[in-house]
Amino acid sequence: MALSGLDIYKLLPKTNCKKCGSPTCLAFAMKLAMKKASLDECPDVTQQAKKALEESSRPPIALIKFGSGDNTIETGGETVLFRHEKTFYHQTAIAISVDDTLGDADLLVRIEKIEKIGFERVGQHIAIDMIALINKSLSSEKFLSALDKILSNSKKPVILVSSDQKTIEAALKKCSDKRPLVHAADSNNLKDMCAVAKAYKAPLALKANSLEELDKLSHEAAGMGIEEIVLDPGSVPLRVSLNDLTQIRRLSLKRNYRPFGFPVIMFIKSTDKHQTVVDSCTFIAKYASIIVLDSIEEDVLLPIVTMRQNIYTDPQKPVTVEPKLYKFGSPDKNSPVMVTTNFSLTFYTVAPEIEAGGNSAYLLVTDSEGMSVLTAWAAEKFTPEIIADTMKKTELDSVVSHKKIIIPGYVAVLSGKLEDVSGWQVLVGPKEASGIPKYLKEIWK
Ligand code: SF4
């Protein structure tokens, strides 16, 4: 369990010598608790205190990395049960399965499709994170041949799914430098799989049919020196899985129970589209670090990645766009200028409405610290002064010749003061973005 600032303070020398750059030991302790300082910055901390602090600063859920270079995926490392308590750090990785019974041509087509899956949402590009190669054929040869094709056509991290230790070892010989996840050791092959995973320094998934069995496997794997573990509590009815995942997360965070302090992988078994979405979204919310899907259909994947994006957006750091003057279409000196805030969702709601019907216009985006229009107005982050300042900084005077600016209808109250501070005529636009096309067509002059 992470220590509080006061707990940490009790372990520090309490001399207030300032060598760490903080005015007092208490201030340094608070920084440590917020992870804004490193213990090394205090030269006088005792070995005993160091040990206690290092142990307590170990994350309750281990951070495990897969893949290499730019294609590294990080999972785990979470510190809270609920996003609003702080934030979730590492979004659930989405893997698509490929099985080794596919013929060469079908295999290549599937890999190509997985590579091409991508969505643009609120300015972010969302893609599939990993490929899970399933040893459905039970043939080592076919598994290795399929692995070769994946490695030559994709840079995504791979999950090697086979219960045969020799097949896994042969696969690791080909790609251990890319840090694949080995799936899985179970009660039948634990010793052999641990030996292989250890030899190739590969993260190892442990698969069980109950939490008791998973607990036992985790203890035994740790005893054999396996530090990078991923837990697979098995595929059971959703209600049971949800309970298992919640127990694992609670025990690791609230009780600091080390055998469960690892990321969790869930295989989505349903063949029904709607159930696949329901299962996936449930596991993204609570508390899978990796989900493996068979479906590559966009209508299945879009709601899943959208859910993930929503859950893993830091509530304290709204997604923003750069404050500046944006152009839509081919605007000239007579084109309308609209203004809004830099909350990404606001921008990406307004932008397509401006573009609708082929309008050419400018959109001035102010820095509202990522708040939407009404919130920013209430928080005084979308004021006449801020808008006028942004107009000046973007030299709006020289961009258009008409000196008219359109503000969102919800903040009509800003118009008088904005006219005073900017010297521009202020027009009150529609309240909702959906009214923009009609406004530009019928009202803008
Ligand atoms: Fe306290 Fe150590 Fe900082 Fe000195 S260097 S003020 S002892 S925390």
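What share of the contacts in the protein chain with a separation of 6 or more comes from residues 24 or more positions apart? The share is 66%, where contact means heavy atoms within 4.5 Å.

This is a predicted model, in which local features need pLDDT of at least 70 and side-chain atom pairs count only at pLDDT 80 or more, while totals for chains, interfaces and linings use all residues. Residues are numbered from 1 along each chain as its sequence is written, and side-chain values use heavy atoms, with hydrogens and water left out.

**View 1. The whole chain.** The protein chain has 17 helices and 17 strands; these are DSSP runs numbered from the N terminus, with helices being H or I of at least four residues and strands E of at least two. Its C-alpha trace spans about 75 × 70 × 40 Å along the principal axes.

**View 2. Around the ligand.** Pro13, Thr15, Asn16, Cys17, Lys18, Lys19, Cys20, Cys25, Phe28, Cys42 and Pro43 surround the ligand, each with a heavy atom within 4 Å of it. This shell splits into seven nonpolar, two polar and two charged residues. For that tally, Ala, Val, Leu, Ile, Met, Phe, Trp, Tyr, Cys and Pro count as nonpolar, Asp, Glu, Lys and Arg as charged, and the others, Gly among them, as polar.

View 3. Helix α17 (residues 436-443) has Ile436, Tyr439 and Leu440 as its buried residues. Looking down the axis of α17, these fall within an arc of 95 degrees, so they line one face of the helix; the arc is taken from the directions from the helix axis to the C-beta atoms. Facing away from that buried side are the exposed residues Lys438, Lys441 and Glu442. The cover over the buried residues includes β14 (337-341), α12 (344-355), β16 (404-407) and β17 (425-428).

**View 4. Gly370 in its loop.** Gly370 lies in the loop between β15 (361-366) and α13 (373-378). Gly370 counts as buried because its relative accessibility is 3%. Thr320 is 50 residues away in sequence, yet its C-alpha is 5.1 Å from that of Gly370. Setting aside neighbours within four places in sequence, Gly370 touches Pro318, Thr320, Asn342 and Phe343.

**View 5. Ser295 in its loop.** You'll find Ser295 in the loop between β12 (290-293) and α11 (298-311). With a relative accessible area of 14%, Ser295 is buried. Beyond neighbours within four places in sequence, Ser295 is in contact with Ile96, Val300 and Leu301.

Definitions and conventions: Buried < 20%, exposed > 50% of the residue type's maximum accessible area, 1.4 Å probe, protein only.
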